[in-house]
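The structure comes first, then the details.

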Amino acid sequence: MLRAFGRLLGVQRRNGPWSLFNSAGPAQRFTTCPELRHKQMPQRPKPPPEDEIEESFLKGSGPGGQKINKTNSAVQLKHKPTGIVIKCQATRSRDQNRKIARDLLAAKVDILVNGDKSRAAILEVTKKKKADSAAKKRRRKYRSLEEEAEAAKIEPQIEAESGTGAAGTGPKQILHDEVYPL
Amino acid sequence: MPRLPPSLFWQARQALSPLAAPLLRVCRDLPSTANELRWMREHIAVTPSLIPPKLRLWQFAERRARGEPLQYVLGTQPFGDLEIKCRPGVLIPRPETEAYTIELGRILLSSHTNNPKTKLITILDLCTGTGCIALQLFRQLQASATLLRVQGIDISPHAVSLARTNLSHNLNLNNLLVPRPPTEEANQSQTIRFTQADIFSPSFLTTQQQQQQQQQQQNQDQVDLDLLVSNPPYISQPGFARDTARSVRNHEPRLALVPELRGGSDDATQFNKGVLPEDIFYARLLDIAKTLRPKRVLLEVASMEQGSRVVDMLTQDDDTAKLYPHVEIWRDCPHAEFQRQTIGDREIRIRGSGEGRSVYLCRADM
């Protein structure tokens, strides 16, 4: 009874964003303010065709299936034209590892083929630009802060000196005397 | 099992963690120990608990070091697009099963899109266990099939309740769309259900046939099952003692691994006509296929030899042999190309690479 009620609640909760878990096209983005991103980054490179890939699962020989329960889900891909080898054991699912390995391979091939124009290189440049500009802003901010602090440090001195200047021995008094000799 | 050098335990302690040394006893090498520790940490990071994380990690490592499978320790195993919950008493889904299930889903999907006349897809998953095959096929076909009926059957009440839990768990994770219940106009309904039944009982076949007839009356045309899929117990008694891994032998249910007939001598004589004890489920499953006439059948097997024995059983019976002229044996990774081989006087196709893993039958009209 309780479980049925929970399922009912679950159903009602999920009336919302269907498209979030439907694999829609890669171009779709879920943001309410698209103008925040001025420059479109290059698309993720597509994995190379399957006939160029040699796939192997790193699993010991011997019986499989029900008889053993290996947690080894590693996937190794070799890109035949370039000889790039990728090994992936990011998750416990071999199916997910296969997808991740293909994405990694695509990125590596992209770097090799396109060099400076590859997605990774462009991302790197953009990131560096951002970091540089942030560092510059930071420097500027702290420089002005420092200047303000120094100015604030000098001011009380001046006040203190002008306080003692009533006795007529402070430097300001001397300065005044120099400029306007009586 | 070869003895591990003590230096390796030192290395594990120094390089990984003090918890790695006991884990090494079951993982047997440093990379897999590091991976299992990482997965435990990742699991702890995403699942909230009142127990402090460090204590939890220690508890996990302790249980794993005693030989319990990682899937029982963490409680889950990814399977295709889904996350399947695992509990002691129900067999853990294997990666080989995952591989052929995804391939099977792909075949059903392409045949469905090629003839859009066939609206209804019905799938029967026998010995469903955690429900992984049924749920994954449901997930793969959900987007394109308007009429989809998936039924999972298991003899163990634990398995059936876990399969139902897995359905609601994946609905909560948004891995599955909400099944549409049958409405007034029955053109749009997707149902998946798990029921407890003994496939060896005579009443099993009659209830299944009745269901089929009901469906035929509803739809007013011939509705055969689209797929009969099963991952039955298939390990022999001596094989269980000799070939299975220790974690499997000590922690996973024997009921799901070694075929045993509980019905007594009647059943035994009925199904033992020249059939090896580890093959009795296949004899029964081919019987069921003969009666229900599914368009496709897939049965998981232990090895190439067992696969050949199943093909032999198929050819011995003339009716089933005529019904399924198209026979394939799939290896561990069924993505690769075909080879041809003759077993007896019958030419079959072998698909993929690795150990023989499943027998795939297809009707002539498909």
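Helices here are DSSP runs of H or I with at least four residues, numbered from the N terminus. This is a predicted model: local features need pLDDT of at least 70, side-chain atom pairs count only at pLDDT 80 or more, and totals for chains, interfaces and linings use all residues. Residues are numbered from 1 along each chain as its sequence is written, chains are lettered from A and ligands numbered from 1 in written order, and side-chain values use heavy atoms, without hydrogens and water.

At the other end, Ser93(A) caps the N terminus of α2(A), with a side-chain oxygen 3.3 Å from the backbone nitrogen of Asp95(A). Buried residues of α2(A) include Arg94(A), Asn97(A), Ala101(A), Leu105(A) and Val109(A); buried means under 20% relative accessible area with a 1.4 Å probe, protein chains only.

The contact (heavy atoms within 4.5 Å) draws on both chains.

| Chain | Residues in the contact |
|---|---|
| chain A | 26 residues |
| chain B | 45 residues |

Chain A and chain B share 2 salt bridges. Such a bridge puts a Lys or Arg side-chain nitrogen within 4 Å of an Asp or Glu carboxyl oxygen. Lys99(A) pairs with Asp81(B) in a salt bridge at 3.8 Å, N to O. α2(A) supplies the largest share of the side of chain A that touches chain B, 5 residues.

Definitions and conventions. Helix = DSSP H or I, 4+ residues; strand = E, 2+ residues; numbered from the N terminus. Buried < 20%, exposed > 50% of the residue type's maximum accessible area, 1.4 Å probe, protein only. Polar contact = N/O pair within 3.5 Å; in protein donor to acceptor, adjacent residues only side chain to side chain.
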